[in-house]
Amino acid sequence: MKLLRLFSFFIFLSTGFIFAQSENYLKEKERKIEAGSPFTKIINRELPATIVYEDDEMIAFVPLKEQAKIHLLIVPKKEIYTLNDATESDALLLGNMMLLAAKLAKSNGVAESGYRLSINVNEDAGQSVFHIHMHLLGGNTLGTMVNRID
């Protein structure tokens, strides 16, 4: 039994290191957080954007690099670096992001044909802006989200 626990602990430790963020990514993440979110700069009108929706807690705009006919970023005004940094007190805000996505999908004519929502979290998911945001993608047939592992 002790051997099984020891083995399990070793597996736990080794997978923690295997799946950790790389040193380069952590340095770049820290640098970007210190520099300030470009989304906060858009919210504060320090950077231009094509804004399609705004209220007291949320903003939605067209990203610089569109990846579908309809591609919007839905961003809370509260700066949360990653979904991992959200707390229970953010539950209503996160739910409102989903409801806004559905509203924007409908107003952009993709609610019935279909759309994708995506929140990237950290290195393996390709997160490059450290201010939580949701991508709304639609308006054309979207490829698979990720390559399958068989």
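Me: Before I look at the fold, what is pLDDT, and what is its mean in this chain?

Reply: pLDDT is the predictor's confidence in each residue, on a scale from 0 to 100. The structure above is a predicted model, and the mean pLDDT of its chain is 88, with 87% of the residues reaching 70 or more. Where pLDDT is low, the predicted coordinates should not be read in detail.

Me: Which pattern does the chain follow when it is read along the sequence?

Reply: The chain has 5 helices and 5 strands, and along the sequence they follow the pattern α-α-α-β-β-β-α-β-α-β.

Me: In what order do the strands form the sheet, and which of them stand at the edges?

Reply: The 5 strands form an open sheet with antiparallel pairing, in the order S1-S2-S3-S5-S4. Strand S1 (50-54) and strand S4 (115-118) stand at the edges, and because each has a single partner strand, one side of each is left without a neighbour in the sheet. On average, neighbouring strands of this sheet are turned by 20° against each other, direction ignored. As one case of pairing, strand S2 (residues 58-62) and strand S3 (residues 70-76) are joined in the antiparallel sense over 4 bridges, and Met58 has Pro76 in S3 as its bridge partner.

Me: Which helix packs on the sheet, and which strands does it touch?

Reply: Helix H4 (residues 91-107) packs on the sheet and touches S1, S2, S3, S4 and strand S5 (134-138), while its direction makes about 155° with that of S3.

Me: How can I compare the span of H2 with what its residues should give?

Reply: The general idea is to take 1.5 Å times one less than the number of residues in the helix. The 13 residues of H2 should therefore span 18 Å, and this agrees with its end C-alpha atoms, which are 18 Å apart. After H2 comes Gly36, whose phi is positive, near 100°.

Me: Where does Ser37 lie, and is Ser37 buried or exposed?

Reply: Ser37 lies in the loop between helix H2 (23-35) and helix H3 (38-43). A residue counts as buried when its relative accessible area is under 20%, and Ser37, at 6%, is therefore buried. Leaving aside neighbours within four places in sequence, Ser37 is in contact with Glu79, Val129 and His131. With His131 there is also a polar contact, made between the side chains of Ser37 and His131 (3.0 Å).

How values were computed:
Residues are numbered from 1 along each chain as its sequence is written. This is a predicted model: local features need pLDDT of at least 70, side-chain atom pairs count only at pLDDT 80 or more; totals for chains, interfaces and linings use all residues. Side-chain values use heavy atoms; hydrogens and water are left out. Helices (H or I, at least four residues) and strands (E, at least two) are DSSP runs, numbered from the N terminus. Buried means under 20% relative accessible area, exposed over 50%, partly exposed in between (1.4 Å probe, protein chains only). A polar contact is a pair of N or O atoms within 3.5 Å; within protein, one must be able to donate a hydrogen and the other to accept it, and residues adjacent in sequence count only if both atoms are side-chain atoms. Contact means heavy atoms within 4.5 Å. Two strands pair if DSSP finds at least two bridges between them. Axes are lines fitted to C-alpha atoms, for helices over the stretch in contact, and angles run from 0 to 180 degrees between N-to-C directions.
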